[in-house]
Amino acid sequence: MSGITKAALFTLAVPLLAAPALAADQPPGALALKRVLLSTGGVGYFEHEARVSGDAALTLEVRRDQVDDVLKSIVVYDDRGGIGTVDLPGQEPLETAFRELPFTPQDLASPTALLNAMKGAEVQTSGSRAVSGRLLSVTEEYTQLPNGGGTVTRNRVSLMTAEGLRQLVLEETDSLRFADPRVQAQLDSALAAVAGAAGKERRRLTIRTTAPQADAGAERTVRVAYVVAAPLWKATYRLTLPESAPGSAKGTEGGTGDLQGWAVLENLSGDDWKGVELSVASGNPVTFRQALYSAYFVNRPEVPVEVLGRVLPPPDEGAVAADVMAKAQDSAVRSRAAAESGAPTAMAAPPPPAPAPAMSAPFAGAMPQRAAETTPAESTEATAQVLFRYPQPVTLANGGTMMMPITARAIPAERLSLYQPNTQPRHPLAALRLSNGDSGETGLPPGVLTLYERIGGAAAYVGDARLATLPAGESRILSFAVDQAVTVDRSEQPSRTLSRATLADGVLQLTVTDRQTTTYRIAGAAGEDRTVIVEHPRRSGWELVQPSGGAAPDLTADAYRLPVAVPAGQTVTLSVALERPRIERFGISEMSPEQVRAYASSTELPPAAREALGKVATLRGAVADKERRVADLEREQAEIGKEQERLRQNLATLPRDSDLFKRTIAKMGEQETRLDGLSRELATARKEADTARNTLRDQVRGMTF
């Protein structure tokens with residue numbers, strides 16, 4: 001790296017150096033922000049650190065909108081201790097505080113609303129009228145002021161006392177309090193909750209750690225880290241090119257440029273950064289959010305309570321004698337059986353149940369539990385990102401913006417011209433090919449690049465470019481201006497070639513090769529040579545067949561990159577051809593005679609194929625003639641039928657002894673005679689058409705080539 005570049009980088013980096021990382025008098029057990037890593041995935045890693053001894057409860061405050069991310073990603077590192085629990089207030093502490101109170105937060109909006117919510121509570125008032133009783137209602141009333149001064153609103157309180165119903169005006173009372181101390185305590189608790197929740201947008205987490213029994217009093221380091229949303233950091237570059245030698249060819253000489261890279265970032269974490277270790281990472285990690293701070297309840301189906309149907313026995317109307325006899329006989333049989341067995345006639349009581357075994361000691365008492373020690377998992381994200389760590393502690397106030405240098409080195413840069421028809425159809429773009437060699441350098445994240453060139457010993461601005469992600473060992477072409485000195489003319493010529501034809505089972509199959517030829521005529525610059533990279537569009541299903549031989553062209557997602565050397569003041573032609581084979585199939589029997597004749601006269605087909613298609617064309621023409629004859633006869637038959645229908649309607653209105661009636665009858669007779677002839681001719685024509693179609697089908701099926 002040149003001395004100028006190093007000096008500039010050092011000068012710009014000085015403001016980033018911070019005060020000492022942490023004061024030596026940091027209170028024991030306090031968490032202090034020590035490390036920050038910002039990712040291009042839209043998140044930031046924040047690591048806090050504290051020195052503790054024994055069991056400790058560490059507190060950490062985060063913004064309310066960060067709690068979901070903290071619950072998803074918080075991790076505690078304690079190499080000698082264990083982790084207990086992490087707790088924090090509920091998502092809605094105010095609603096929780098009012099859950100068991102007889103009033104809501106909205107009832108505290110005014111004294112009237114509170115008193116109406118506490119109907120039935122016993123209150124005591126003082127002032128001109130000291131009254132004690134239970135709240136019945138509070139109603140508003142409007143009083144007209146004298147001399148048209150408007151109205152005033154007062155609240156009339158109704159109390160049920162031992163003497164009966166009494167009323168007083170709330171605004172005229174010195175004080176009003178609840179007689180029950182428990183109600184007064186509930187009101188005090190609610191007001192304290194409202195005061196604590198007013199403007200509180202942060203949540204305090206308590207992380208409990210346990211010390212090992214062997215050295216419970218030893219001091220150790222505990223680290224607490226989490227990942228939350230953070231603004232994207234942006235990469236910007238400056239590339240300074242050396243001065244070109246007079247008459248040198250653009251794109252023919254090698255060279256290097258001085259590259260400086262900077263990260264532009266913001267501190268919107270909600271806390272000041274004081275002497276933190278700052279890193280930025282470039283990659284595309286998978287990041288998402290989940291509402292872990294919200295309470296979810298499972299919807300359970302509701303089943304009806306089983307209610308037995310009501311039974312209403314019918315009244316007893318007496319039993320017949322046979323039923324009484326049957327019961328007596330059954331009783332005697334049971335008595336004899338009991339006597340023979342020696343068993344008592346009455347049913348014996350069941351034996352008492354066996355005593356239940358004594359409950360065993362709880363498992364937690366038999367085997368004391370031990371807090372699990374954490375083992376950090378190996379991260380795989382490091383293999384998919386580039387990490388830049390600033391070597392000095394950084395201090396940045398909340399809401400501040402800063403620039404951090406991420407690279408400063410020499411990089412190979414080749415000058416060339418890039419022709420992209422969709423960007424500029426007449427001129428190529430002045431461009432650079434940057435190569436990130438595999439000499440141990442890291443990849444470069446995407447960003448904007450400002451290009452400078454030394455001219456006469458001084459740097460001059462040349463243009464801006466966009467740099468895509470540049471991994472180690474790869475190269476990128478950066479366009480920064482229009483090269484007006486070079487002109488490109490482009491023309492396209494499509495063509496079609498028949499390479500194979502087969503006929504079998506009445507199906508004509510043609511193998512056709514489509515060819516798209518594009519000719520580029522490149523007029524070079526008058527005073528210097530150029531290397532022009534032509535980006536020719538790639539097409540799905542098409543193959544590049546020209547230019548052929550030589551090195552394979554570079555491929556982008558949608559184009560071929562074809563290099564062309566253009567000497568100064570000369571015009572160079574580049575022909576690019578793409579080919580695509582495809583197959584066309586036709587049923588000969590369904591083709592029109594004109595289509596068959598067109599293929600039969602094609603010089604692309606061999607003589608045998610043309611001769612066979614000529615016969616097919618003749619037969620197809622005969623079929624068409626027969627089918628046309630049938631259609632003509634059917635049309636004439638239909639027209640006569642319509643005419644006869646019209647004549648029948650006329651006959652219904654004509655007198656039978658009139659001349660017109662007689663002429664109509666005669667005409668209908670002539671038409672009937674013609675219809676008889678048409679029926680015979682149509683039957684013959686249809687038969688001939690069927691014969692011609694069968695002949696065509698048989699001939700076509702028998703043809704092969």
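Me: Which strand gives the most to the lining of the second largest pocket?

Reply: This is a predicted model. In it, S22 gives the most to that lining, with four residues. The elements that give two or more residues are strand S21 (458-467), strand S22 (475-482), strand S25 (530-537) and strand S28 (559-566).

Me: What makes a residue part of the lining of the second largest pocket, and which residues lie nearest its centre?

Reply: A lining residue has an atom within 4 Å of a point of the pocket. The second largest pocket is lined by 18 residues, and Leu418, Gln420, Thr423, Glu535 and Arg561 lie nearest its centre. Its volume is about 420 Å³.

Me: How do the residues of this lining divide into nonpolar, polar and charged?

Reply: Eight are nonpolar, five are polar and five are charged.

Me: Which domains supply at least three residues each to the lining of the second largest pocket?

Reply: Domain 3 (235-269 + 397-482) and domain 4 (487-587) do.

Me: Why is Thr442 called partly exposed?

Reply: Its relative accessibility is 41%. Buried means under 20% and exposed means over 50%. The value for Thr442 falls in between, so Thr442 counts as partly exposed.

Me: Where does Thr442 lie, and what does Thr442 touch?

Reply: Thr442 sits in the loop between strand S19 (429-435) and strand S20 (447-455). Leaving out residues up to four places away in sequence, Thr442 touches Val386, Phe388, Arg409 and Asn436. Leu470 is 28 residues from Thr442 in sequence, with 9.0 Å between their C-alpha atoms.

Me: What kind of peptide bond joins Gln546 and Pro547?

Reply: A cis peptide bond, with omega at about 5°. Pro547 is in the loop between strand S26 (543-546) and strand S27 (554-555).

Me: How many helices and strands does the chain have, and what share of its residues counts as buried?

Reply: There are 10 helices and 29 strands. Of the 705 residues, 33% count as buried, which means that their relative accessible area is under 20%. The accessible surface of the chain comes to about 42,600 Å², and 54% of this belongs to carbon and sulfur atoms.

Conventions: Residues are numbered from 1 along each chain as its sequence is written. This is a predicted model: local features need pLDDT of at least 70, side-chain atom pairs count only at pLDDT 80 or more; totals for chains, interfaces and linings use all residues. Side-chain values use heavy atoms; hydrogens and water are left out. Buried means under 20% relative accessible area, exposed over 50%, partly exposed in between (1.4 Å probe, protein chains only). Accessible areas come from the Shrake-Rupley method with a 1.4 Å probe; for residues, only the protein chains shown count as cover. On a 1 Å grid over the protein atoms alone, a cavity is a set of points where a 1.4 Å probe fits but cannot get out, and a pocket is an open set with protein on both sides within 12 Å along at least five of seven lines; lining residues have an atom within 4 Å of a point. Grid points are joined across faces, edges and corners, and a volume is the space filled by probe spheres set on the points. Ala, Val, Leu, Ile, Met, Phe, Trp, Tyr, Cys and Pro count as nonpolar, Asp, Glu, Lys and Arg as charged, and the others, Gly among them, as polar. Domain bounds come from an automatic or database domain assignment. Contact means heavy atoms within 4.5 Å.
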